[in-house]
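Visitor: I am new here. Please show me the structure and walk me through it.

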Amino acid sequence: MLAAAQRLRRSSDFAAAVRGGRRAGRSTVVVHLLIDEPAQASTARAGFVVSKSVGNAVTRNRVRRRLRHLVRPRLADLPDGTLLVVRALPASASASFETLGADLDAALTAARSPRRRR
RNA sequence: CGAGUCGACCGGGCGGUCGCGUCGGUGUUCCUCCGGGAGCAUCGCCGAGGAACGUCCGGACUCCACAGAGCAGGGUGGUUGCUAACGGCAACCCGGGGUGACCCGCGGGAAAGUGCCACAGAGAAGAGACCGCCGGCCUCGUGCCGGUAAGGGUGAAACGGUGGGGUAAGAGCCCACCAGCACCCCGGGCGACCGGGGUGGCUCGGUAAACCCCACCCGGAGCAAGGCCAAGCAAGGCCACCGCCGCGAGGCGGGGGCCGGCGCAGGCAUUCGAGGGCUGCUCGCCCGAGUCUGCGGGUAGGCCGCAAGAGCAUGUCGGCAACGGCACGCCUAGAUGGAUGACCGCCGCCGGUGGCCGCAGGGCCGCCGCGCACAAAAUCCGGCGUACAGGUCGACUCGUCCG
RNA sequence: GGUCCUGUGGAGCAGUUGGAGUGCUCGCCGCCCUGUCAAGGCGGAGGUCGCGGGUUCAAGUCCCGUCAGGACCG
């Protein structure tokens, strides 16, 4: 799980990450990553978007909690001030914990690697 | 043993590692107006449901000054009770279903009035003459006039049923029995209603989940209610001290100090009262000196409300029951991009499969499985409705067999 | 938290005093027309009226419950 300080709490943070960040998708999740944030923020922070198309309230809660648990160790590798938004797709409702973690890793490396642009 | 009815309940368990949220303790860092506050670490307690769901009803609570009257509008509809209240629940009544335990019913009024009843049929609601039956007339015909609702046919429904008398033919026209209706009397029941007797006229269709009538109920909005602080638009605001008030966030008053200098346009008013409360109308009442409309500008932060309650468990008493009284015990989630997750071990259940045992129902031992339902608080309660793998307990009915 | 709307052939819609599931546009099938295709003409098929109950002689229509989709308000 994530502590409250490591989560995105404001609508403006979500908008900044989704609009300004780099995006990479897999079959279960889509990742928005915004790295160059003003240096005042202490740690990297993450937020989750699980829409109603994923399932009812129980499955949405389960997907979000699994994603939080998966994001927690990976958040330490990201530089300070990074904003991360993980959006769950409908396929994530039936995915296992392992495939969810594999997709999240793949999407994160894909979003971080192409730093050669501009 | 088989088939079934009703009610109550559980809805995976135990342990370990790493995490999250509220609250409390400890330590530490920072800030401080010295009251405290914030962050981090660590320890401990607690941490979704029987439906948390749908939002179909009813309340508590808050604001609208009080929560007023009539009309309109909406809702409910056997009776009596229970309840804070209800469209809920219980018992009973009536009607229907079942061999039975039991189940189902928006179950007031059609004799206050209006509307509708397609097609078919002569006729569809104060009756009516198509065929038929009977009588009369003559121009003797596939004729005209009259009587007749017993028969035929149509329809979901045709103005009581059977038998007899009666008649030209018939008809409640008369009579007996039956069914139904209205009124009266007696008995039982708090009541819905039930049982019995008498009189009347013979007779009255259905539909109110069509308008309507009757009885009863309903003021409106909703915790995003509502309140406080900060910031900002703005034009007034900010700061500490003392006293007082508030459940609380906090506020009020006093003297003192500091900063700042009056968005735009239009309408109607200033006690003979604009405008508003009161969302539709009328009355009545209240607030009232500014208010209304449009444009422009600002605001997405924090706190209180916010969890001890029509509360739960046990016992006992009253009541057929729903439920209520008393005693004792317990404290049981409070998030706000929204806290319960991940992994492991053992057991349980389910499905598949293999072996052994048994005449059989089945039992025992293994292996496999993304297997184990439905579905998650958001102010809080009481109901209703709906979804749900599997399981437990109790009461009762019918059938068969044995004693 | 509150207030509403929609569900009818494959698609989009109409459907009133409740009375045969009736209609429109596109699509589909067959035939005609054409050297061929399109357009056009003629004919045809295709329906649990979202689902389950109820009222009524009779329900797409009225009532209740339920499911799915969608919209609005602060």
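**A first walk through the chain**

Guide: From the N terminus on, chain A runs α-β-β-β-α-β-α. Helices (H or I, at least four residues) and strands (E, at least two) are DSSP runs, numbered from the N terminus. This is a predicted model, where local features need pLDDT of at least 70, side-chain atom pairs count only at pLDDT 80 or more, and totals for chains, interfaces and linings use all residues. Residues are numbered from 1 along each chain as its sequence is written, chains are lettered from A and ligands numbered from 1 in the order in which they are written, and side-chain values use heavy atoms, with hydrogens and water left out.

Visitor: What is the mean pLDDT of chain A?

Guide: pLDDT is the predictor's confidence in each residue, from 0 to 100. In chain A, 86% of the residues reach 70 or more. The mean pLDDT of chain A is 78.

Visitor: Which residue in β4 stands opposite Val49?

Guide: Start with the pairing. β3 and β4 (residues 83-88) pair in the parallel sense over six bridges. Along β4, Gly47 stands opposite Val85. Opposite Val49 stands Arg87.

Visitor: What is the bridge partner of Val29 in β4?

Guide: β2 and β4 run antiparallel, joined by six bridges. In β4, the partner of Val29 is Ala88.

Visitor: How many of the six residues of β4 are buried?

Guide: Buried means under 20% relative accessible area, exposed over 50%, partly exposed in between (1.4 Å probe, protein chains only). β4 is mostly covered. Of its six residues, the buried ones number five.

Visitor: Which residues does Ala17 touch, not counting residues up to four places away in sequence?

Guide: Ala17 is in helix α1. Ala17 has a relative accessible area of 0%, so it is buried. Contact means heavy atoms within 4.5 Å. Ala17 touches His32, Leu34, Leu83 and Val85.

Visitor: How far apart are the end C-alpha atoms of α3?

Guide: The expected span of a helix is 1.5 Å times one less than its number of residues. For the 16 residues of α3, that should give 22 Å. The model agrees, with the ends apart by 23 Å.

Visitor: Within what arc do the buried residues of α3 fall?

Guide: Those buried residues are Leu100, Gly101, Asp103, Leu104, Ala107, Leu108 and Ala111. The arc is that of the directions from the helix axis to the C-beta atoms. Seen down the axis, the buried residues of α3 line one face of the helix, because they fall within an arc of 165°.

Visitor: Which exposed residues does the face of α3 turned away from its buried side carry?

Guide: The buried side has its cover, which includes β1, β2, α2 (57-75) and β4. The face turned away carries the exposed residues Glu98 and Thr109.

Visitor: Which residues are in contact with Leu70, leaving aside its neighbours within four places in sequence?

Guide: Leu70 lies in helix α2. At 6% relative accessibility, Leu70 counts as buried. Its contacts are Phe97, Leu100, Gly101 and Leu104.

Visitor: Is Thr82 buried or exposed?

Guide: Thr82 sits in the loop between α2 and β4. Leaving aside its neighbours within four places in sequence, Thr82 is in contact with Leu33, Leu34, Ile35, Ala44 and Arg45. With a relative accessibility of 1%, Thr82 counts as buried.

Key:
Pairing = 2+ DSSP bridges.
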